[in-house]
Each structure stands twice: as C-alpha cells, then as structure tokens.
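Please read the numbered points alongside the sequence and the model.

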Amino acid sequence: MRAMPGMSGLIEFYDGRKPLFEHYGIEDEIDSLSSPRVALPSGGWITIEATEALTAIDVNSGSYIEAVGLEETSLKVNLEAAEAIGRQLRLRGIGGLIVIDFIHLSEAENIARLLDALKVATAKGRVPSQILGMSSSAWSR
C-alpha cells in the first residue's frame, strides 16, 4: 500500500481455496475472447468478425422465441446483444468502424430503445463512441 495508498480501499485479500482466476471465471473470459461467437442469456448469440477495414457484428436469436411475438423476441435479443457488444468492445479493445446487424425491428420506439441501450453500453468504455443509428433500409423492410 505504500506505492499506491489511494487504492487501499479497492484491494482486498483473497484467501479462498480455489485459484483466484478460477474462482472468478477469469480464465474462461480470456478463452472466450478468441472465439468470434458470444452467447447471450436468452440463447441467442453475437458473432464478431474483424477485418482490416472494419469490425462486423451479427446478432442472432438462436432458439429463443418470445411468446408475445416476433417484435418482442427481436427487441429482447437485441437489447441483450447491445450490452454484450459494449462489453466485448471493451474486453477485446475493438475500435474504428463497427457495423452491427441487429435483428429487424419494426416499431420506432423499439429502435430508439435499442440505440439508447447501445449508447449506454458503449459509454462505459474509455474511448468515446459515435452511434449513427439504423440504416434507412432497416426501417423500410
């Protein structure tokens, strides 16, 4: 604590029986960073593919189907994906141009909710983000 006395409130002694990284699942997190596919809680997933020009992220619902309808299913999976995307961008150190193919939404209020969730998720990172919104073709399908 002599080197960084301001950090003393943030540091605690771990005396568990399991190795520290195993206890907190850190090794699993590190391993998952090399996989392009990231699972979502609902059973859907995102796929992250990086090229020299940009990073493409595709959102898939997988087997998840909301009982109330397609729009609600899409919104739920997309909101989970927005949070996961923000986290993965931070963990993987991804920047530059990022294109995300969310599952189609029809209702303007749901699109606004999704974009707000993406803004919140990306704001947690150190690098400022600019979110340009959905392409016009997403509105006209």
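Is Ala123 buried or exposed?

1. Ala123 counts as exposed, because its relative accessibility is 58% and the exposed class begins over 50%. It should be kept in mind here, as in the points below, that the model is predicted.

2. As to its place in the chain, Ala123 belongs to helix α4, which covers residues 108-123. In space, the C-alpha atom of Ala123 lies 8.1 Å from that of Gly86, although 37 residues separate the two in sequence.

3. The chain as a whole contains five helices and four strands. Read from the N terminus, their order is α-α-β-β-β-α-β-α-α. The radius of gyration is 18 Å, whereas the globule rule gives 14 Å for 141 residues; the chain is therefore more spread out than a compact globule.

4. The overall dimensions may be set beside that value. Along the principal axes, the C-alpha atoms occupy a box of roughly 60 × 35 × 30 Å.

5. On burial and surface, 25% of the 141 residues in the chain are buried.

6. Of the contacts in the chain with a separation of 6 or more, 53% are between residues 24 or more positions apart.

7. The structure has one aromatic pair. Its members are Tyr14 and Tyr24, whose ring centres are 6.2 Å apart; their planes meet at 55°, so the pair is classed as tilted. That angle falls between the limits for the other two classes, since stacked planes are under 30 degrees apart and edge-to-face planes over 60.

8. Where do the two partners of this pair lie in the chain? Tyr14 is in the segment before α1 (20-23), and Tyr24 is in the loop between α1 and α2 (26-32). The two residues are ten residues apart, and the pair links distant parts of the chain.

9. The accessibility of the two tyrosines may be considered together. Tyr14 counts as partly exposed because its relative accessibility is 24%, a class that lies between the 20% and 50% limits. Tyr24, with a relative accessible area of 52%, is exposed.

10. A further arrangement involves a charge and a ring. Arg37 places its charged end over the ring of Trp45, at 3.7 Å from the ring centre.

Methods
Residues are numbered from 1 along each chain as its sequence is written. This is a predicted model: local features need pLDDT of at least 70, side-chain atom pairs count only at pLDDT 80 or more; totals for chains, interfaces and linings use all residues. Side-chain values use heavy atoms; hydrogens and water are left out. Rings of Phe, Tyr and Trp (its six-membered ring) pair if their centres lie within 6.5 Å; planes under 30 degrees apart count as stacked, over 60 as edge-to-face and the rest as tilted. Buried means under 20% relative accessible area, exposed over 50%, partly exposed in between (1.4 Å probe, protein chains only). A charge sits over a ring if NZ of Lys or CZ of Arg is within 6 Å of the ring centre and within 35 degrees of the ring normal. The radius of gyration is taken over C-alpha atoms; the globule rule is 2.2 Å times the number of residues to the power 0.38. Contact means heavy atoms within 4.5 Å.
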